[in-house]
Amino acid sequence: MPLSIDLKDTQRRDALSSRQPAADEGLKPSIIGMDRDELADAVRTAGVAERQVKMRVQQLWHWLYVRGVSDFSDMANVSKDLRAGLAERFTIARPHIADEQISQDGTRKWLLQFPSRGAGKPVEIETVYIPEEGRGTLCISSQVGCTLTCTFCHTGTQKLVRNLTAEEILSQLLLARDRLGDFPKKDTPQGAIVPSEGRKISNIVMMGMGEPLYNFDNVKKALLIAIDNEGLSLSRRRVTLSTSGVVPEIYRTGEEIGVMLAISLHAVRDDLRDELVPINRKYPIAELMKACREYRGLSNARRITFEYVMLKGVNDSLQDARDLVRLLKGIPAKINLIPFNPWPGSQYECSDWEQIEIFADFVNQAGYASPIRTPRGRDILAACGQLKSESERLRKSERLALEAMMIAGHGEA
Ligand code: SAH
Ligand code: SF4
């Protein structure tokens, strides 16, 4: 498929939403991302009598996660005094949208700014929305930068700035729902069940910046709220966590979160994987495969996705495909082949399209689904491995170099 990009056509918006947080909102703690016990403590501090706490928590949960309000004053059935008490101490403001870009293929990328709120420095992160036939997927970040240094990944070149809090992880979903009009309208009767079918965001993937299993507690907290069926109600099967292979936390993910698992495999031999995905030196392939085989709830209906980036002359031979099939034997699996997305300074090229097809056919004939992931949002640097925060935004010269690489057909799919 020829890649036609015209960066001039890329729509870029100064997306100042009507509800930008006021400066002092940044200093108050947010109640977004709190579990029900923490929320109960929050309403107690705002003066709610013990016998009312449970009911108030339920009301708040509904306003925050079914209705998607971002201002206490919109919580119609909450008394004025309590709204004021909460607003004095807490915030529910969304992050600031520093930039919103829309790719020619409909992919959207938001650059979001989070104030410090005592959790460390203020940070900027990227969140990507990918609309497809019959579904819409939000790609969420878990860290600013990454401590791992996978050699083909742009995020890996950026040092870890910090982990995102549960609030910051969850706010990416809330903000995207706001921007896509995916919360019920103000006049929807209260208590109405909002179906998950027909929603713009039907799936989420923890595949943005960072290694989610190096920020386990916050990711767990945010995902448990995203799948809570009295709130955002995403189905567990439509939430996928992608990891480079942090083995102990893979077991915990199955037991404590229960979402779908994706493994960034990329190589089938330890020597090569040690180089491409350096965490392999700590948790080699055999240990990783054991964790996959024992992943809780694994079945043909709940397969593990193995991601495999296609690097020309590095991991894309027919022998690699054979070894891959042998390695995954007995694991209910799907293999996502990802054409390598280039970035300035990257040392790899994407495999030739023919080679990707030969590889995919072999794996497919061995009985595994092996879709080739169509690169999305390349013109706005929203594709896999291209995310980086504003603090490291590409210099103009780098962006031009990237355009030239893409036009020349590197990584073309
Ligand atoms: N840290 C996690 C999740 C974020 S990366 C992980 O590694 O799984 C999301 C996916 O994008 C991973 O499969 C990663 O290997 C892949 N990826 C990274 N850089 C890429 C690139 N330049 N081209 C294509 N895929 C890339
Ligand atoms: Fe980090 Fe994942 Fe990139 Fe590796 S591929 S550097 S784990 S974000």
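Thr91 sits in the loop between helix 3 (80–89) and strand 2 (96–102); helices here are DSSP runs of H or I with at least four residues, strands are runs of E with at least two, and both are numbered from the N terminus. At 0% relative accessibility, Thr91 counts as buried. The term buried denotes under 20% relative accessible area, exposed denotes over 50%, and partly exposed denotes what falls in between, with a 1.4 Å probe and protein chains only. The side chain of Thr91 reaches the backbone nitrogen of Ala93 at 3.0 Å.

A word on the basis of these values. This is a predicted model, in which local features need pLDDT of at least 70 and side-chain atom pairs count only at pLDDT 80 or more, while totals for chains, interfaces and linings use all residues. Residues are numbered from 1 along each chain as its sequence is written, chains are lettered from A and ligands numbered from 1 in the order in which they are written, and side-chain values use heavy atoms, with hydrogens and water left out.

Ser202 is buried, at 8% relative accessibility. Its side chain makes a polar contact with the side chain of Asn203, at 2.7 Å. A polar contact is a pair of N or O atoms within 3.5 Å; within protein, one atom must be able to donate a hydrogen and the other to accept it, and residues adjacent in sequence count only if both atoms are side-chain atoms.

I turn to the ligands. Which residues come nearest to ligand 1? Of the 21 residues around it, they are Gly210, Ser242, Ser264, His266 and Asn341, where a residue belongs to the surroundings if one of its heavy atoms lies within 4 Å. A polar side-chain atom of Ser264 lies 2.6 Å from an oxygen atom of ligand 1. A nitrogen atom of ligand 1 is 2.9 Å from a polar backbone atom of Gly210, and a nitrogen atom of the ligand is likewise 2.9 Å from a polar backbone atom of Phe152. The protein covers 95% of the 530 Å² of accessible area that ligand 1 has on its own; such areas come from the Shrake-Rupley method with a 1.4 Å probe, and for residues only the protein chains shown count as cover.

The shell around ligand 1 divides into 10 nonpolar, 9 polar and 2 charged residues. In this scheme Ala, Val, Leu, Ile, Met, Phe, Trp, Tyr, Cys and Pro are nonpolar, Asp, Glu, Lys and Arg are charged, and the others, Gly among them, are polar. Strand 9 (239–243), strand 11 (304–310) and strand 12 (333–339) each supply at least two residues of that shell.

His266 deserves a separate remark. It lies in the loop between strand 10 (260–264) and helix 7 (270–276), and is buried at 4% relative accessibility. Although not a glycine, His266 has a positive phi of about 70 degrees. Ser233 is another non-glycine residue with positive phi, near 60 degrees. Ser233 lies in the loop between helix 5 (216–226) and strand 9 and is partly exposed, with a relative accessible area of 23%.

Around ligand 2 we find Cys146, Leu148, Cys150, Cys153, Gly156, Gly210, Glu211 and Ser244. By class, this shell has 4 nonpolar, 3 polar and 1 charged residues. Cys150 counts as buried, at 14% relative accessibility. How many disulfides are there? The count is 0, a disulfide being a pair of cysteine sulfur atoms within 2.5 Å.

Salt bridges, by contrast, number 23; each is a side-chain nitrogen of Lys or Arg within 4 Å of a carboxyl oxygen of Asp or Glu. One of them joins the side chains of Glu126 and Lys109, at 3.3 Å from N to O. Glu126 lies in strand 4 (residues 123–132) and Lys109 in strand 3 (residues 108–114), so the pair ties together parts that are 17 residues apart in sequence. Both Glu126 and Lys109 are buried.

Asp182 forms a salt bridge with Arg177, the closest N and O atoms being 3.6 Å apart, and these two residues are also buried. Asp271 pairs with Arg269 at 3.1 Å; Arg269 is partly exposed, with a relative accessible area of 36%. Finally, Asp217, Lys220, Glu249, Arg252 and Glu256 are linked in a network of salt bridges.
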